[in-house]
Amino acid sequence: MALVTMKELLQDARKRKYAVGGFNVFNFETLGAVIEVAEELKTPLVLGIPERLFKFVDVDTLSAAMIRGAQKASVPVALHLDHGYTYEGVMKAIRWGFTSVMFDGSALSIEDNLKRTKEITRIAHSLGVSVEGELGYVGCYDNVKDINEENIVKPDIACNFVEKTKVDALAVAVGTNHGVYHGGPKLNFSRLSELNNTVNVPLVMHGGSKLTKEDYQSSIQSGITKINIATDMSMAAGETIRAELAKNQSANYIHLMSMVKKGVKDSVRRYMLSFDCISKAI
């Protein structure tokens, strides 16, 4: 259909009360799996890759395949740099032709985060590229216990940040956790609703893997318009390979990769069915 900006997708999601899946890919199999499910279910799509993967994959080749896949897709697709931490990484994604970048300054002071996000937004907007910022602390792996009132996002700070940086979307920490959960998330839906009523841009959930369908529905009703999924796709790929090798230790690589694609498609489909985004691309 078209390669579009994330701003276009999320504004529609906010208006019509659904969430777009933000799926990070790491090879050709995961790329094909995500696009094929989006086309099957007629859902808009944010297709991403995080900067931290630049050291592990041939990103120049993969990014070219992502652009080609998005251009050929029958649904609207935004190409997104997820968790960009450096100016160099963000500029690289823009040069590739990505339509959206995230600058994650959440580990910086509020002042430094605001200053650096504002500068990146100024450059990106001049080139027609959307920008996602991040505020607060999204836990990692087994650090859910560290999430408390002091490090989830406060509405007044979020409002000031959005107003001064001019970001198109804001990732907000309200109790989710990157990576594999040990225990359950502690989502603060009342704070999320406050943020939605305070800021004038779409809100994004990071650490979206393995929540319940009810959690997703409540999050969407409270203002979330994009839900990032990465860990579970990687886990699905690993589990598929282990299961296939347990059945047939001599299975060749081509067979394993075809099964990985199927396993990832099954995982992606389950998430999309929980995001209220089915047929929203029509």
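Colleague: Where does glutamate 132 lie?

Modeller: Glutamate 132 lies in strand β6. Please bear in mind that the model is predicted.

Colleague: Is glutamate 132 buried or exposed?

Modeller: The criterion for a buried residue is a relative accessible area under 20%. Glutamate 132 has 0% relative accessibility, and therefore counts as buried.

Colleague: Which residues does glutamate 132 touch, leaving aside those up to four places away in sequence?

Modeller: Among them are Met6, His80, Val101, Phe103, Ala169, Val204 and Lys226. His206 also belongs to that list, and here the side chains of glutamate 132 and histidine 206 make a polar contact of 2.7 Å.

Colleague: What can be said about the setting of histidine 206?

Modeller: Histidine 206 is found in the loop between β10 and α8 (213-221). Its relative accessibility is 2%, so histidine 206 counts as buried. Its side chain also joins that of histidine 83 through a polar contact of 2.9 Å.

Colleague: Which residues does the UniProt annotation "binding site" cover?

Modeller: According to the UniProt record, an unreviewed entry, the annotation covers His83, His178 and His206. Such annotations may be inferred rather than shown by experiment.

Colleague: Which strands are joined to β8 by bridges?

Modeller: Strand β6 (residues 130-135) runs parallel to β8, and four bridges join the two. Within this pairing, glycine 133 stands opposite leucine 170. Strand β10 (residues 203-205) is also parallel to β8, with two bridges between them. There, leucine 170 has leucine 203 as its bridge partner.

Colleague: How many bridges join β5 to β4 and to β6?

Modeller: Three bridges join strand β4 (residues 76-84) to β5, and these strands run parallel. One of the pairs is glycine 84 with phenylalanine 103. Three bridges also join β5 to β6, again in parallel, and valine 101 has valine 131 as its bridge partner in β6.

Colleague: What do these strands make together with the helices α4 and α5?

Modeller: The handedness describes the path from one strand over the helix to the next. β4, helix α4 (residues 87-96) and β5 make a right-handed β-α-β unit. A right-handed unit is also made by β5, helix α5 (residues 110-126) and β6.

Colleague: Which residues have a positive phi although they are not glycine?

Modeller: Lysine 17 has a phi of about 60 degrees, and serine 279 has one of about 65 degrees. Lysine 17 is in the loop between α1 (6-16) and β2 (20-24), whereas serine 279 lies in the segment after α10 (253-272). Lysine 17 is partly exposed at 35% relative accessible area, and serine 279 is partly exposed at 33%.

Colleague: How many disulfides does the structure hold?

Modeller: The number of disulfides is zero. As for individual cysteines, cysteine 159 is at 29% relative accessibility and so counts as partly exposed, while cysteine 277 is buried at 0%.

Key:
Residues numbered from 1 in each chain as written. Predicted model: local features only at pLDDT ≥ 70, side-chain atom pairs only at ≥ 80, totals over all residues. Heavy atoms only, no water. Pairing = 2+ DSSP bridges. Disulfide = S-S within 2.5 Å. Buried < 20%, exposed > 50% of the residue type's maximum accessible area, 1.4 Å probe, protein only. Polar contact = N/O pair within 3.5 Å; in protein donor to acceptor, adjacent residues only side chain to side chain. Contact = heavy atoms within 4.5 Å.
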